[in-house]
Amino acid sequence: MMRNLFKRLVSKCRRVWAESSSERYVDYLRSRGARVGDGVFVREPKRVTIDLTRPSLLKIGNNVRINRGFLLLTHGYDWYVLRNLFDEVYASSGRVTIGSNVFFGFNVTVLKGIEIGDNCIIGTGSVVTRSIPANSVAAGIPARVICSIDEYREKRRIDYVVEAKDYARSIVEVHGRRPVPGDFREEFPLFLDGDQLPDDLPVAAQLGDSLAAYQRRHRAPYASFDAFLDDCDLPAVRNG
């Protein structure tokens, strides 16, 4: 009995240590037998639940981003009701395979027996009850494909300009000042060419492995930051 108690205590300590960082949590998943690729990031591991009752059923590819509230199941215990009715056990389990370059919004649930292909975005609050093909954007309860990744790219290409301009207007409305480049930590491609890397914007950090290609190819739609602001229809800056 004392030996089992000690083993449970050690197991709990390992888990607490693992939950202290994304890197440790990923290493913990691997140590338990899950197959996890490179570049996997888990935001707030303490608020993530990944079912490790059958770790050999779990496979995660490269460059996957998991946000808080994530729940992944490789088994089910719904047969509890059948046991109580019929005095029988019907174990329930299934593989979960997540491809590479996948993003999960907050509070996503992935049930057993699911495969999510490469290059997918799973929207916040989704419950994934069936497999999602590669190059898809899916959302909802249950999650369903709402567009292809190419269609989503074209939508973002238009919407992010509109959203950035509205953000600029909100800075004037709320803070009573003219926006500065440092406000636009993700919107910088609108006014910076690829070879422009200012100190006050995290261009390299945001782009990661895409930095070199961005530097070679990107040309900003606005000639300068001031040209961008001129197109924003900013309200008047209040005095004082």
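Student: Which residues in the largest nonpolar core touch the most other members?

Tutor: Ile50, Phe70, Phe104, Val110, Ile116 and Val128, out of 32 residues in that core. By nonpolar core I mean a set of buried Ala, Val, Leu, Ile, Met, Phe, Trp, Tyr and Cys residues joined through side-chain atoms within 4.5 Å. Buried is under 20% relative accessible area, exposed is over 50%, and partly exposed is in between, with a 1.4 Å probe and protein chains only. Keep in mind that this is a predicted model, where local features need pLDDT of at least 70 and side-chain atom pairs count only at pLDDT 80 or more, while totals for chains, interfaces and linings use all residues. Residues are numbered from 1 along each chain as its sequence is written, and side-chain values use heavy atoms, with hydrogens and water left out.

Student: Ok, and which helix gives the most to this core?

Tutor: Helix 2, with four residues. Helix 2 is 22–32, and among the other elements that supply at least two residues each are strand 5 (64–66), strand 10 (102–104) and strand 12 (114–116). Helices (H or I, at least four residues) and strands (E, at least two) are DSSP runs, numbered from the N terminus.

Student: What does Val110 touch?

Tutor: Not counting residues up to four places away in sequence, Val110 touches Phe70, Leu71, Leu72, Leu73, Val96, Phe104, Ile116 and Val128. Contact here means heavy atoms within 4.5 Å.

Student: And what's in the second core?

Tutor: That one is separate and has 18 residues, including Phe191, Leu211, Tyr214 and Tyr222.

Student: How do strand 15 and strand 16 run, parallel or antiparallel?

Tutor: Antiparallel, with four bridges joining strand 15 (residues 136–139) to strand 16. Val137 stands opposite Cys147, and Ala139 stands opposite Arg144. The hairpin has four residues between the strands, and Gly140 takes a positive phi near 115° there.

Student: What about strand 13 and strand 15, parallel or antiparallel?

Tutor: Those two pair in the parallel sense, over two bridges. Ile121 stands opposite Val137 in strand 15.

Student: Which residues does Gly69 touch?

Tutor: Arg47, Asn107 and Val108, not counting residues up to four places away in sequence.

Student: New topic. What volume does the largest pocket have?

Tutor: About 2,100 Å³. On a 1 Å grid over the protein atoms alone, a pocket is an open set of points where a 1.4 Å probe fits, with protein on both sides within 12 Å along at least five of seven lines, and lining residues have an atom within 4 Å of a point. Grid points are joined across faces, edges and corners, and the volume is the space filled by probe spheres set on the points.

Student: What lines the pocket?

Tutor: The lining is 34 residues, of which Tyr152, Arg156, Gln206, Leu207 and Ser210 lie nearest the centre. Helix 4 provides the largest share, 10 residues.

Key:
Two strands pair if DSSP finds at least two bridges between them.
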